[in-house]
Amino acid sequence: MKTISGVLLILTLGAAPAWAVLGEYESSVSLDQRYMRGEDRVIAGQGYKLHQITSPNGAVVTEYVSPEGKVFGVSWRAPFIPNLEQLLGSYATPVEQAAEAQTHRHGGPLIVRAADFVFVSGGHMRAFHGSAYVPSLLPKNVTAEVVQ
Amino acid sequence: MTLKRHSMAPLARILCVAAGLTFAAGCGGGSGSTTPPPTSNPVPSITSLSPASAAVGAAAQTLTITGTGFLSSSTVTFNGAAHTATYVSSTQLTISLTAADEATAGSFAVVVTNPSPGGGASNAVDFKVSGANNVISLDVNLGPTNDYVNGLFASVEVCEPGSSTNCTTVPNVLVDTGSTGLRLLSGAVGGLTLPAVTDSSGNDVQECLQFISMTYIWGPVVQADIHLAGESAPSASVHIISESPQYAAPSSCVPTSGAQDLNSLSALGANGILGVSNLTQDCGSACTEASNGIPMYYSCPNGSCQITSVPVSSTKGQVWNPVALFPQDNNGVLVSLPKIAAGGAPTASGSLIFGIGTQTNNTLGSAQVYAVTPDLYFTTTYNGTQYSGSFIDSGSNAYYFLDSATLKNLDCTDNTGWYCPPAAASFTVTNAGTNGTTGSLTFSIDNADNLFQTGYGAFNDLGGDSGNSPSTDYFDFGVPFFFGRDVFVGIGGQTVTGVTNAPNGFWAF
């Protein structure tokens, strides 16, 4: 995606929500176009682009896409936890494994810090947030900090 | 205000005579009679008040003051404020108490003062405005599963609506300042018949509650009377955590298809959750329209569960913070836990006190008030970085935060996700509320592997990793934060004396 000297190019694509799965191509986007029922904004960043889907129910899901068209990161801020299976695809499994492997942690965030997958789920009732990214899919010159 | 002496003095004399009093000076306060004027007014004395006390919230009433040396010119103060005195006799005065005088629990001094010459103030006698018993005990221990470190537990009594006999006391309910509403395992209330809350179509309402640990609880919403010490929330909506759910949890609320439910004692580690956060309801207006698609309240008319509309209403509606349903002491809570030693304690005990500034045991005192955002967050600054999504959560059993300096690469060997410094490390952070309050605090983090080895149930120096994702933008001040502090949780939209600019509620400590 071409960038215009650091200034974000914002394209509003109307009410046709895209849905992409972490680690897969953006073209897999339409796996679920109904779930969010939200407005999709495509924003060009430095060396990547993002889809930001804002739903009427207050959920904001952002998907980060590399120039090669792969989704390298996702994040969410919502009054509930969105269906992460649809967001994470096969990466839902390590999340479930991490949830079961926790020792003594109660009420705190769920984290995964693997070499090839980084995940966090935090917040509290009515204000959930989290993010996930695949380090090996980060575009050149793009750091994980863009996944906000 | 004093009464007109010239018209009341003769009456006073008559009453003095009738009472057989010999205290001529006290009864001789009149003027222009055959009795020579006194050289000096007596010092009044109060022997009793009638009534001597009232319940908080009582209606306006007359307070009769009995004693000696009262004059028609006597004045009366109640809690330091002048109240118009009506002179009955040298031994009796009355004042009118307003509802406002009795709105707050406490002991309020009543003093009668006679004017000079002589005169002066009487002894003070307290009029007691008694509040409900607003204290339940808290216990920090390993809980019913014997492995829940820093579990903060209380007992909750629930009754069938309107019944004083069909009740059960549920022990080991987690007290959670990070969620809202009472949720109990089905087995813990199995002996009660609790009516279902139904939606507008008459279908039983089910609720799904998600946790950030990618877990959830699921089951019907019912009505029960909740009793906490002397406080009651009648016909409140209570979420039943069903140990054998009638319906499968809908996929829209289950974070991932393999996510674990906490619908058992072993998984939850408690008999339920008592949510006493800054929120009044668990969902609010967003759940009053099913079309909003909030995956929380469902009905399952044909066995297939769909999101349904549930009114905010305090009866037959959403699950409320029980405190907000109390007739008094309903503006928040005070969590008071004792200081414990570094390295932990086997157990600890404290108090959950209802109301803020409503009784003598829940005054804010010198506590600093930190107002929160609509998402109940305040800002923590640590090492020059601002963490704008911070919160205090007795449902979190540790300090959870991201430390990229002191604790980096000090992960534990035995317990993933915990901090294990070789020796206790000290952290100083500065918190800021939306109302402009700022304040610093210091806490310690010790080696979690070693702490867990003790087998203790209470730790004030337990810290967990909140992940190294860039979206980690908060300090979660969990149970360790509460030790040695009085922590107030102010409910948004409620009035607390002395607190302003906190529309979404506040924390104070």
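Good morning. B:Ala502 is buried, because 24 other C-beta atoms lie within 10 Å, and the cut-off for that class is 20 or more. Please keep in mind throughout that this is a predicted model.

B:Ala502 sits in the loop between strand 31 (485–491) and strand 32 (505–508) of chain B. Which residues does B:Ala502 contact, once its neighbours within four places in sequence are left aside? They are B:Val369, B:Ala371, B:Asn435 and B:Gly490. There is also a distance to note: the C-alpha atoms of B:Ala502 and B:Thr373 are separated by 8.7 Å, although the two residues are 129 residues apart along the chain.

I turn now to the backbone of chain B. As background, most residues other than glycine have a negative phi, and most peptide bonds are trans. The model contains some exceptions that you can find on the screen.

Two of them are cis peptide bonds. One joins B:Ser50 and B:Pro51, with omega at about -5°. B:Pro51 belongs to the loop between strand 1 (45–50) and strand 2 (53–55) of chain B. Another cis bond joins B:Ser116 and B:Pro117, where omega is about 10°. B:Pro117 is in the loop between strand 8 (106–114) and strand 9 (120–121) of chain B.

Two further exceptions concern phi. B:Met214, a residue other than glycine, has a positive phi near 65°. B:Met214 is placed in the loop between strand 15 (205–211) and strand 16 (215–228) of chain B. Is B:Met214 buried or exposed? B:Met214 counts as buried, because it has 25 C-beta neighbours inside 10 Å. B:Ser235 also has a positive phi, near 45°, and is likewise not a glycine. B:Ser235, however, is found within strand 17 (residues 231–241) of chain B. With 17 C-beta neighbours inside 10 Å, B:Ser235 counts as partly exposed.

Next, a sheet in chain B. Four strands of chain B make an open sheet in the order 1-3-7-6, with antiparallel pairing. Why is one side of strand 1 and of strand 6 (86–89) left without a neighbour in the sheet? Each of these strands stands at an edge and has a single partner strand, so one of its sides has no neighbour there. From one strand to the next, the twist averages 30°. Strand 6 of chain B is joined by three bridges to strand 7 (residues 92–97) of chain B, and the two run antiparallel. Within this region, B:Ser89 stands opposite B:Gln92 in strand 7 of chain B.

Let us move to chain A. Its secondary structure comes to two helices and eight strands, and from the N terminus on the elements follow the order β-β-β-β-β-α-α-β-β-β. Chain A has 148 residues, of which 51% count as buried. Among the contacts in chain A with a separation of 6 or more, 47% are between residues 24 or more positions apart.

Finally, the two chains together. How many residues of chain A are in contact with chain B? There are 46, and they are in contact with 53 residues of chain B. The elements of chain A that give two or more residues to this side include helix 1 (84–88), helix 2 (92–101) and strand 8 (127–133). Strand 7 of chain A gives the most, with seven residues. By class, this side of chain A has 20 nonpolar, 18 polar and eight charged residues.

Thank you for your attention.

Technical notes: Residues numbered from 1 in each chain as written. Chains lettered and ligands numbered in written order. Predicted model: local features only at pLDDT ≥ 70, side-chain atom pairs only at ≥ 80, totals over all residues. Contact = placed C-beta atoms within 7 Å. Nonpolar A, V, L, I, M, F, W, Y, C, P; charged D, E, K, R; others polar. Buried ≥ 20, exposed ≤ 12 C-beta atoms within 10 Å, placed from the backbone. Pairing = 2+ DSSP bridges. Axes fitted to C-alpha atoms, helices over the stretch in contact; angles between N-to-C directions.
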